[in-house]
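Hello,

Here is the structure I said I would pass on. My notes on it follow below.

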Amino acid sequence: MKRIFPYLALCTWITAHAAPQMPAERLDTLAADPYWIALGHWETGKLGGWRSYVDDEDFFLAKEGPGNPGAELRATLEALYQPASLGDQHPQCIYPARTRWLREQLQLTDLPQPPCSEYRAWYADINPHSTVLVFPAAYLNSPSSMFGHTLLRIDQPDIHENNTALLSYALNFGAFIEGSDNSILYAWKGLMGGYPGLFALVPYRDKLKEYSRLENRDLWEYRLNLSPEETGRMVEHVWELKQIRFDYYFFDENCSYRLLELLEIARPGIELTEQFPITAIPTDTVRAVKDAGLVESIDYRASREKELLARAEPLDSAEQQWVLRLAEDDRLLDAPEFLALPAPRRALIQDAAFRLLRYRSVGEERTAASAGRSYRLLQSINRNPPPTLQLDRPDLPEEGHESRTWQLGAGTREDRAYAEYGLRMAYHDLNDNLSGFPLGAQIEILQLKLRQYEDNHWQLQRLDLATIRSLTPRGDLLKPWSWQVAGGLERVLGEDGDERLVSHLNGGVGGAWQLGGDALGFALATARIEHNEDFAPFVATAAGFNTGLLWHNPVGTLSLEAAGDYFHNGEVRRRLSLNQQWEISRNLGLRLTAQREFSQLAAPVNEVMLELKWYHY
């Protein structure tokens, strides 16, 4: 719907409803008010002046509105006095937040009274009373969800008495995608702002199904101490943003940043967005909301996958085989060998089989056969109920280390000493301080390392665009694939022992296995594409392997890895490495790195480095 009102309508105003003449100084003061700036989503331009994050001309009443808060305020004030006969198309109905604020600030007692029936019915249906910030935890197998996500839940007044959270609404900001882009294209366009972003207000049960069940993600719910008035103020502005497009970028102008803007409208005076001039990682924004004193209480909702694994944990291998068999054939509930098991063990097996069946059915069409198996398993569970499932709440995600990392190292490469300086924009690797992160998950974006050798020789050591690793252990019940992908510039062994800066893209797939509670073993087959001046082809390809051990020990995290690349041109390159990080504090780590490199082009090279890592945002 276009929000530029016809000139004819402007010419038909009656004198009694003309906008009052206000002192220019008063209007200039209001145009600079932080609340008006928040309503227009303006920010100070890099070269001075203003610019709005809104990328949609339909949002503005003044032609110069995107860059001029004063012009937009004056145009809004005039538009509020249009005839009430415009009905739901009246500016008061389209901009209820602007209308309320200007009425209060300027004592506008003579405004026309359009019915605004569409807006009033929408607002009454939502019935906003309180707000919950919801954080679905990171999900590595979805490019849009690798860093987690945030949304707001708008609760009605009787939420506590009637436990009706599923009837609440979810307020979400996300990329609007037309068509079906593949994961790589989605990630690229998300990084480069190739999608518009839109706000959406949908039933919370739909979002809960999407994040907790379809993607098997844990949910953290942070109840905010916003008053009913503050929650309502935020919701009325959301009406103004219906179908209004913003630029969308994964790392800054994303779901979390936009929601911080809404919270600044709900409670004028809090400063949240100013803390994120470069990136807005969801966990960092949750921490900012908490530090601002907005969080009243925290609830945790485990995913179906985590509940299934917790129920199956006390079962031995033979009992887990019974889980698999019962999920496939419920007739085995009456098999003599199953009935011979002790009743407490049968109770655990039946419950795990039912959870496995539900886990497998997510995203699939419900059939009479699967419904029948579920029903018969439920009947058996009711006759022999298991104990209540007890899940330990994991560490809070916002209590993990912060996302940006400065790195300072000192080391030696053979007989040459060096200092190394690094910066990583986001956000976690396998050896980083583990609290708040799953073991075996790595997401690094834009990492730069510069090296200074003792003869004052400087060189670019590496520039990683992205390094992502997902090492998820396989078991009897669930057998996920582990995978990794990386790309950028890095130094490799060259002729005569020199280092060559090469561009590369590599990936791998394989498996990981739990070795006790705090260790993982993994093995992946890999492939690599590389541009190297030492090679005759412009682009060389290689197949290889990457295998190792990851152990979270009492002082930090240790990794041992062996990797090899076998190029089609005959070059063979191998590497052994050890990394041990000591967790000094939540945002400070000390890492020892030792590696030995082998290449057909040069003799083996040894390298040792001690590195200090400081995390912040």
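Subject: salt bridges, aromatic pairs and backbone

Glu-230 is buried, as its relative accessibility is 12%; buried means under 20% relative accessible area, exposed over 50% and partly exposed in between, with a 1.4 Å probe and protein chains only. The side chain of Glu-230 meets that of Arg-267 in a salt bridge, 2.9 Å from N to O. A salt bridge here is a side-chain nitrogen of Lys or Arg within 4 Å of a carboxyl oxygen of Asp or Glu. The two residues are 37 apart and link distant parts of the chain: Glu-230 sits in helix 11 (residues 228-240), and Arg-267 in the loop between helix 12 (255-266) and helix 13 (282-291). Helices (H or I, at least four residues) and strands (E, at least two) are DSSP runs, numbered from the N terminus.

Before the rest, the ground rules. This is a predicted model, in which local features need pLDDT of at least 70 and side-chain atom pairs count only at pLDDT 80 or more, while totals for chains, interfaces and linings use all residues. Residues are numbered from 1 along each chain as its sequence is written, and side-chain values use heavy atoms, with hydrogens and water left out.

Overall

The protein has 617 residues, and 52% of them count as buried. Its secondary structure comes to 18 helices and 22 strands. Along the principal axes, the C-alpha atoms fill a box of roughly 90 × 75 × 45 Å. For a sense of distance, Gln-156 and Asn-532 are 61 Å apart in space, C-alpha to C-alpha, and 376 residues apart in sequence. Gln-156 is in the loop between strand 4 (151-155) and helix 8 (159-162), and is buried at a relative accessible area of 17%.

Salt bridges

The whole structure holds 45 salt bridges. One of them pairs Arg-153 with Glu-221, with the closest N and O atoms 3.4 Å apart. Arg-153 belongs to strand 4 and Glu-221 to strand 7 (residues 219-224), so this pair ties together parts that are 68 residues apart in sequence. Both ends are buried: Arg-153 has a relative accessible area of 4% and Glu-221 one of 7%.

Another salt bridge joins Glu-43 and Arg-51, where the closest N and O atoms are 2.6 Å apart. Arg-51 counts as partly exposed, at 31% relative accessibility.

Aromatic residues

Rings of Phe, Tyr and Trp (its six-membered ring) pair if their centres lie within 6.5 Å; planes under 30 degrees apart count as stacked, over 60 as edge-to-face and the rest as tilted. By this rule there are 21 aromatic pairs. In the pair of Trp-36 and Trp-42 the ring centres are 6.0 Å apart and the planes lie at 35°, so the pair is tilted. Trp-36 and Trp-101 also have ring centres 6.0 Å apart, but their planes are at 20°, so that pair is stacked. Trp-36 lies in helix 3 (residues 34-39) and Trp-101 in helix 6 (residues 96-106), so the contact ties together parts 65 residues apart in sequence.

Backbone

Which residues are joined by a cis peptide bond? Ala-426 and Tyr-427 are, with omega at about -20°; Tyr-427 lies in strand 11.

His-41 has a positive phi of about 55° and is found in the loop between helix 3 and strand 1 (42-44). Gln-243 has a positive phi near 60° and lies in the loop between helix 11 and strand 8 (246-248). Is each buried or exposed? His-41 is buried, with a relative accessible area of 1%, whereas Gln-243 counts as exposed at 62% relative accessibility.

Regards
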